[in-house]
Amino acid sequence: MIPFSYYMLGSAFLFSIGLAVALTKRSAIVALMGVELMLNAANINLVAFAQRDASLGEGNVFAVFVIVIAAAEVCVALALIIKLFQYFRSIDLHKINTLKED
Amino acid sequence: MNFLHIIISIAVCSPLLGALILTLRKSNQAADKIATLMIGISAICSIVTFALVWSGQNVFISKEWFFLGDNYFYAILSIDKLSALLLSMVSIVSFLVHIYSSAYMQGDPQYKRYFTLLNVFTFSMYGVLLSDNLVLIYLFWELVGFCSYMLIGFWREKEAAVKAAKKAFIVNRVGDAGFMVALLCLYAQFSTLSLHAIVEQFDISMLSNTTILIAAIGVTLAAMGKSAQIPFSVWLPDAMQGPTPVSALIHAATMVAAGIYLLVRCFFFLPDEVLVFIAGVGGVTAFVGAFSALSQYDIKRILAYSTISQLGYMMLAIGVGDPESAIFHLTTHAFFKAGLFLGAGALIHSMHQVSCDICKGFDPQDIRWMGSLRNYMPKTFIGFSIALAALIGLPFTSGFLSKDALLSSVLLKATNDGIYWQFLALLGFGAAALTAFYSIRVLYKVFFGDLGIAQHKVCQKCLVLPHEVGNRMYLPILLLSTLSVWFFYVLSPFNTSGSWIQNSLSIPTIDHHSVHVFTIILSISMICLGGGLAYLIYFKGRLLNLKTSFKQGVLFKVSYNFFYIQNLYKNSVLSVLFVARSLDRIPHADEGFVKLAIGTSEFVRGFDDKVIDFLVKLFAVFNVVFGHVLAWFDKYIVDGVVLYFTKFLWLLGDLFRKPQGERTQSMIAWSLFLLLSLFTILWF
């Protein structure tokens, strides 16, 4: 049996990587991938808590919800990115700055 | 603003308005009608004013004008009985002169200019009469002088007219300098130039004050200039060069009256020494003027000398301390002298039509060309002779009344005081005899005798007999001569003291009742003497030896040349020029002067170079250095502070601006950071 703390550590590690990717990468798609990583880290947490404590059995259901929402979110995000690309001819987040006041 | 104020404003402003309208218009058409209408309105309003003021309503319209230091000057129209009386006199005479002029000046190319000036002339005289502030009186006084200058020189193409205008102007200027000095002295003494304020501040002990004495002398000089007293009288005979109606206005109502009026207004502060002087000037002028009128041939010159003489009488009355009689005489004289001048104008007018181009040297004003005109111009004859009777001072005329009042005062003074006054009284009564003489002479030469022009050989060819003038000309003359009858002034023709003018004016007077009858006897006998002599010589043709011997004598020349006053001025100027020229001729006389002048100028130049320039330079350098210091301070200290302050604010702004989204990702990072910080704070 893998100790519980390993799940926690793995999840935290994964979340940190996702956060770092989302904050530092220029490409919108890669940043989106970072967001997915963070969502999955949350999923690992949910499943791990559900396994450890039987009274929290609904955790698995939450994880499934998260996956579904993530899939929907990716659809929307990709659509946005395509639109952005059409407008700016680039998906570099540093260049997409028209909402910013100059 | 009550009814009276409005009436007065209309009376004063309508001539000015008339002048403005005439100035704006281009054509000569109807200029006379406009001007006469305006003066007519003014005359009606003046008479209404007079009626109201005489019943006891004094008017006082005051307006703040300017201030000098702490002293406010007010432009005040002040109308009392004196100014109301003279206001209506001026407006009536001016109105009649306007009507007369519309006929007399017919066809003159400068018709419009003439009437404009006539309107302004009347207006400025109003200003003199109604102003309370002496500065304002002075302004209008100058305006009167200016208008007379323009009107005397009205016919610019005549050289004599231009010269006469200049002469009148310059001679008056001498007197006006006295006025200016008087103004300054009065201001120094009272800190105000408002007459009513001066009257209030004045008390009798000030009469011994030197400042007041100088002011009094100055005012006297001014009055002597305007009223053509000796030695300033040279301008008045020459003023005849202007159109005759203008002469009527100058001699009767406006110009010469201004001087007498000013003296009467200022009478309260005239010390006795000055009064003695005024009386002397007046007495001498009365006699000298009358004497000079004896020998003149130009009808207007005779009348001019007569005016000088009559003004002398007024001055004499003021000098003996009876300004009321002076004003009385001024008023009556205004009407009959205006009548005489308009009559003379009518004579000249018809004589002009008699002449033709061949008649070289023919002078329509010369009484030697006239004669028996009563047959041709009966209406003018009647008007002229009534006015002439008033001038002589025959009983039943206004001239008799006022002259009698005036001479009574003089006689009273002469009986009470010393030999000086007796001499002046002698001059006064002598002048009465002379007046009678020259008046009878004019009457004979013009209206009786033979028509002079008929004897002139050249003019036999073109002789047209003179004829009566139109009704616009003889009606004013007749009206003025009507106003010269005693009836308008007092009911009894011999008793002056019952006159409504006398004893109603609030100016000093002398009760001369005691010598009244004696004066009448004396003055009538004087008139009989002078007039009788003239009657014998001219009408009866007796005493012709006396006449010829007088004509060849020195006295005739003295009289004809007005006592050589004119020549005296001319010669004194010429002799100064002569002395200056003779200095030129002395060899080496000027070298010393030149050396002295060069030395002085060298010294002055050195002083200028070394001292003054150095000081100026020092001052300049100091200024430049100081300027630089100021510039440095401004640039580095003041500007620096401002600059650093803005930089600080800029940085502060940056601090808040950066997190707010330079990039989407840093925004997320910042919000995460803040969220974590918040958690951390809540945790502990």
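This is a predicted model: local features need pLDDT of at least 70, side-chain atom pairs count only at pLDDT 80 or more; totals for chains, interfaces and linings use all residues.
The largest pocket holds about 830 Å³ of space. Its lining comprises 24 residues, of which Lys167(B), Val234(B), Asp238(B), Gln566(B) and Lys570(B) are the closest to the pocket centre. Four helices of chain B, namely H6 (159–190), H9 (235–238), H13 (299–319) and H24 (565–585), each contribute at least two residues to the lining of this pocket. The largest share comes from H6(B), which supplies 8 residues of the lining.

The structure contains 2 cavities of 30 Å³ or more, and the largest cavity has a volume of about 50 Å³. The residues that line the largest cavity are Ile392(B), Gly393(B), Phe400(B), Lys403(B), Asp404(B), Leu407(B), Ala432(B), Ser523(B) and Ile527(B). Helix H17 (398–416) and helix H21 (516–539) of chain B each provide at least two residues of this lining. H17(B) gives the most, with 4 residues.

A pair of strands is found in chain B, where S1 (residues 59–68) and S2 (residues 71–79) run antiparallel and are joined by 9 bridges. Within this pairing, Lys63(B) stands opposite Ala75(B) of S2(B). The two strands, S1(B) and S2(B), form a hairpin with 2 residues between them. In the turn of the hairpin, Gly69(B) has a positive phi of about 65°.

An unreviewed UniProt entry places the feature "domain: NADH-Ubiquinone oxidoreductase (complex I) chain 5 N-terminal" at residues 65–115 of chain B. In the model, this span of chain B is 57% helix and 25% strand.

Definitions and conventions: Residues are numbered from 1 along each chain as its sequence is written. Chains are lettered from A and ligands numbered from 1 in the order in which they are written. Side-chain values use heavy atoms; hydrogens and water are left out. UniProt positions are given in the numbering used here, feature names are shortened, and annotations may be inferred rather than shown by experiment. Two strands pair if DSSP finds at least two bridges between them. On a 1 Å grid over the protein atoms alone, a cavity is a set of points where a 1.4 Å probe fits but cannot get out, and a pocket is an open set with protein on both sides within 12 Å along at least five of seven lines; lining residues have an atom within 4 Å of a point. Grid points are joined across faces, edges and corners, and a volume is the space filled by probe spheres set on the points.
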